[in-house]
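Dear colleague,

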Amino acid sequence: MKLTILGCYAATPRTLTNPTAQLLEIKNHMFLIDCGEGTQVQLRKHKIKFSRINHIFISHLHGDHFFGLPGLVSTFRLLGRDKELHIHGPKGIKEAITLLLKLGDSWTNYNLYFHEITAKESVLVYEDDKVTVETIPLSHRVYTNGFLFKEKEGQRKLNIEAAEKYKIDKVYYQKIKNGKDITLDTGETISNSELTLDPDAPKSYAFCSDTAYKPDIVPVIKNTTALYHESTFLHTQEDLAVKTKHSTAKEAAIIAKDAEVGTLVLGHYSTRYKSIELFKTEAQEVFANVQLAEDGKVFEF
């Protein structure tokens with residue numbers, strides 16, 4: 001599971017920092033999460049193939065999280081895209097994007113599907129044979145959801161030593177991985193559990209931005225491999241966090257600790273602070289395994 005941070009700062013783009021956008025690679029999928037201004041430039045900078053992006057997830061309709069989307073949709077058209085594109089986001093995302101396409105007389109030459117979300121509880125918004133994506137209801141100044149990406153459990157792995165021990169022909173290997181027992185020429189049946197190993201534990205990623213401190217999301221994100229949680233402010237500006245419905249680094253760490261996640265990644269920093277290391281220092285007083293999102297940084301979990 002690979003996460004590329006395309007942008008992780010709050011509010012407006014600056015010379016060296018970008019608003020929120022992330023790319024999650026999981027089970028051969030490439031999911032774009034939020035799409036602030038400059039996202040397509042960042043995608044090019046990091047040599048990410050546009051054609052591999054088939055699903056985009058938008059948390060909410062504040063500009064620093066979706067103003068890059070109209071340009072990206074248009075660029076896909078200019079590049080001759082023919083694959084369908086799915087956009088998952090709050091009600092209103094379809095109207096916002098299609099109005100611009102209409103006014104510019106620039107309808108896509110590929111199928112563009114909008115999946116608008118209105119639920120106030122966690123709901124399943126995407127599923128295939130490899131992954132699921134569920135919403136994480138958040139608390140912000142407008143309707144906002146985070147997203148929980150989860151791998152499904154994979155096939156059991158072939159125990160080569162056991163297969164060779166019983167002199168099982170390779171033609172039966174796939175059958176074994178599919179969970180079948182094997183009957184030898186002698187008539188002895190070897191159970192599948194003896195011929196296979198447990199699959200790798202499924203991984204998961206929770207994206208939470210933007211939100212006020214919201215402890216009731218803990219059961220939804222319990223035991224996730226990695227959690228990205230906004231930390232717009234330090235705790236000394238808790239009053240601003242409450243007023244603007246954002247979180248502090250300390251509050252993000254409390255969520256991570258209570259949810260028993262593997263890694264906490266902080267981001268969505270206010271540009272009022274001279275060093276983002278301050279966020280890590282504050283969070284580590286509560287939760288040990290803290291990483292800082294930075295534009296261009298890649299995490300592998």
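**Cysteines and the open sheet**

No disulfides, that is zero, turn up when the whole structure is searched. Please note that the model is a predicted one. For Cys8, the closest cysteine sulfur belongs to Cys35 and lies 15 Å away; a disulfide requires the two sulfur atoms to be within 2.5 Å, so this separation is too far for a bond. Cys8 has 0% relative accessibility and therefore counts as buried. Cys208 likewise takes part in no disulfide, the sulfur of Cys8 being its nearest cysteine sulfur at 16 Å. Cys208 is also buried, its relative accessible area being 0%.

Turning to the sheet, seven strands make up an open arrangement with mixed pairing, ordered S6-S5-S4-S3-S2-S1-S18. The edges are held by strand S6 (112-117) and strand S18 (298-300); each has a single partner strand, so one side of each has no neighbour in the sheet. On average, neighbouring strands of this sheet are turned by 20° against each other, direction ignored.

Strand S5 (residues 85-90) runs parallel to S6 and is joined to S6 by six bridges. Within this pair, His88 is found opposite His115 of S6.

Two helices that pack on the sheet may also interest you. Helix H3 (residues 69-78) touches strand S3 (29-35), strand S4 (55-57), S5 and S6, and the direction of H3 makes about 170° with that of S5. Helix H4 (residues 93-103) is in contact with S5 and S6, with its direction at about 150° to that of S6.

Yours sincerely

Conventions:
Residues are numbered from 1 along each chain as its sequence is written. This is a predicted model: local features need pLDDT of at least 70, side-chain atom pairs count only at pLDDT 80 or more; totals for chains, interfaces and linings use all residues. Side-chain values use heavy atoms; hydrogens and water are left out. Two strands pair if DSSP finds at least two bridges between them. Helices (H or I, at least four residues) and strands (E, at least two) are DSSP runs, numbered from the N terminus. Axes are lines fitted to C-alpha atoms, for helices over the stretch in contact, and angles run from 0 to 180 degrees between N-to-C directions. Contact means heavy atoms within 4.5 Å. Buried means under 20% relative accessible area, exposed over 50%, partly exposed in between (1.4 Å probe, protein chains only).
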